[in-house]
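Take a look at the structure below.

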Amino acid sequence: AVLNGRLFSDVAVAQLQTWFNPFGQVLQYFLVLYLPPRLATATLAFLASLTIPLVYLVAKNMLIPAEQGSRNGLLICIMAAVGAFISPVFMSEIGTTNNDYIYGIFYFLALIFVFRSNFSLVGFFIAGIFIGLILNVKYTGAIYVVGWIVGTISIMRLGSIFPLLSSGFGALLSYAPIGGAWNFYLYVKTGNPLFPMYNNLFLSPAHLPKDMVHRKFRPESFGDALQYFLDWAAGVAVSSNLPFRDGRFLVVLILTILALPLVLRLLVRRNDGNLSFPFEPRRTLFFLCSFIGTFVVWMAFFGIHRYIVPLEQLAVLVALCLLALLIRQSRRFPWVAGMCVVLVVVSTTPQKTDGGGRSFDGDWFDVRVPADITSGDTLHVMLTGEPMGYFVQSFQASDKFVRIEGNMPLRPNTGLGEQVLDAIAHHSKIRALFPRKIPLDTSLASLHRFGLEAADGPCLDIPTKKHPNKLQDSDLRSCPLRKIEK
């Protein structure tokens, strides 16, 4: 919408996502626009694969110098990398346009730089630059900021003010020209720098005074939160719409409970290498506390599994750190750690994808709009919450699109609702656009709210790439609408 100049000419075409910082999707957009599906998918898969060697380097930089070149040290790094790859939600995102693994790249780089600098102010500053990039990719990356603060305080205590300021300045330097500029733009246009999120605080007249936070996957109580660990191991979909099976977080929880007295002892004796052998104690403490802090904030506020793909990839390394605290015997550690990793790998079933079975040949979408609705100057009222934004480019540039249903349903008495009413008043040709699998009758109340109703005339199906010779439930349907006479 931004790159095509349609952000405020159309209304809420991509629902909530219409106003998210476009930085996190720019690369994917240009790959889809200019490369064939096979090459673009391979490029995205390569990008996702960068997280594997980065987790390897995170593990290597957490080891004491004497172990970084040893056989045990190599084994630890390899096990951490294997755990990063065999991660159910991460594996489902390889080659896709999802961007959760992208801010994982920045998070791992932040850890590597702060470890390599041995927690110097320069290291914190460079790490802060990567933290800012995380926020540019997605607002929910703020959970990693909280974890970073917890980790810093755990090792620096009263001396944490300067490291935190250094990280904060680095984050501001990378966030301000991208995310900050976007927030300012939204503030000027809507009065809410995070629009439409947290509009209960900013009270933008453009939309209802709601926080718009997705609560579907968030646990309701501490008991529910504990149940998540068992459900993940059993393959119950509690933090995503699509099921997967993963025992790594249950293993981490058990080891955390067992090692908690030793973690607390490490908090007191931060430089005792005997406690965390073969891992460097301060780095271990920072890593564990930042991981736990991020995870707790995620569970309390979101519960959407995609947001913690980086934690999912680091979970095996966390388990290895906790085992090192519990065992502290170099001969036994590799065997126990190896069995732990095998247990995690065996308990992992990748998340089932919902790609729709489209082929990699030819055009990405192959949307074929019937000639009867391509005359231009038509208002298309988009219904339901199904993703349909990618269809816009297949219509005439003079067409206008408004969405009144979805994850942010519009009301006529809001700023966006008034834009919809104005568009209706200035168009004589109005059509409903919705998925073929959902009857138009389910949206009549929403249409009536804006003074519209179904009109006489045929509905037309819009085939897509899924099966060119057979209309599928994923195809669109366009039906004529008319204004209700008052």
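The model shown here is predicted. Start with Cys321. Its sulfur lies 11 Å from the closest cysteine sulfur, the one in Cys77, and that is too far for a bond. A disulfide needs two cysteine sulfur atoms within 2.5 Å. Cys321 has a relative accessibility of 1%, so Cys321 counts as buried.

## The disulfide

How many disulfides does a search of the whole structure find? The search finds one. Cys459 and Cys479 form this disulfide, with their sulfur atoms 2.0 Å apart. The torsion about their S-S bond is about 120°, so the disulfide is right-handed.

The bond links distant parts of the chain, as Cys459 and Cys479 are 20 residues apart. Cys459 sits in the loop between strand E4 (452–454) and strand E5 (460–462). Cys479 belongs to strand E6.

Cys479 has a relative accessible area of 3%, so Cys479 is buried.

Cys289, by contrast, is in no disulfide. The nearest cysteine sulfur to Cys289 is that of Cys321, 11 Å away. Cys289 counts as buried, because its relative accessibility is 14% and the cut-off for buried is under 20%.

## Strand E3 and its neighbours

Now follow strand E6 to its pairing partner, strand E3. Six bridges join E3 to E6, which covers residues 476–483. These two strands run antiparallel.

Met382 stands opposite Leu433 in E3. How covered is E3, which spans residues 430–435? Strand E3 is mostly covered, with six of its six residues buried.

## Two helices side by side

Next, turn to helix H7 (residues 100–116) and helix H8 (residues 121–137). Their axes come within 8 Å and cross at roughly 170°. That angle is over 145 degrees, which means that H7 is roughly antiparallel to H8.

Which residues meet? On the H7 side they include Ile102, Tyr103, Phe106 and Phe113. On the H8 side they include Gly123, Phe124, Phe130 and Val137. By class, the contact of H7 with H8 has 16 nonpolar residues, one polar residue and no charged residues.

Terms used. Residues numbered from 1 in each chain as written. Predicted model: local features only at pLDDT ≥ 70, side-chain atom pairs only at ≥ 80, totals over all residues. Heavy atoms only, no water. Buried < 20%, exposed > 50% of the residue type's maximum accessible area, 1.4 Å probe, protein only. Helix = DSSP H or I, 4+ residues; strand = E, 2+ residues; numbered from the N terminus. Pairing = 2+ DSSP bridges. Axes fitted to C-alpha atoms, helices over the stretch in contact; angles between N-to-C directions. Parallel < 35°, antiparallel > 145°, perpendicular 65-115°, else oblique. Contact = heavy atoms within 4.5 Å. Nonpolar A, V, L, I, M, F, W, Y, C, P; charged D, E, K, R; others polar.
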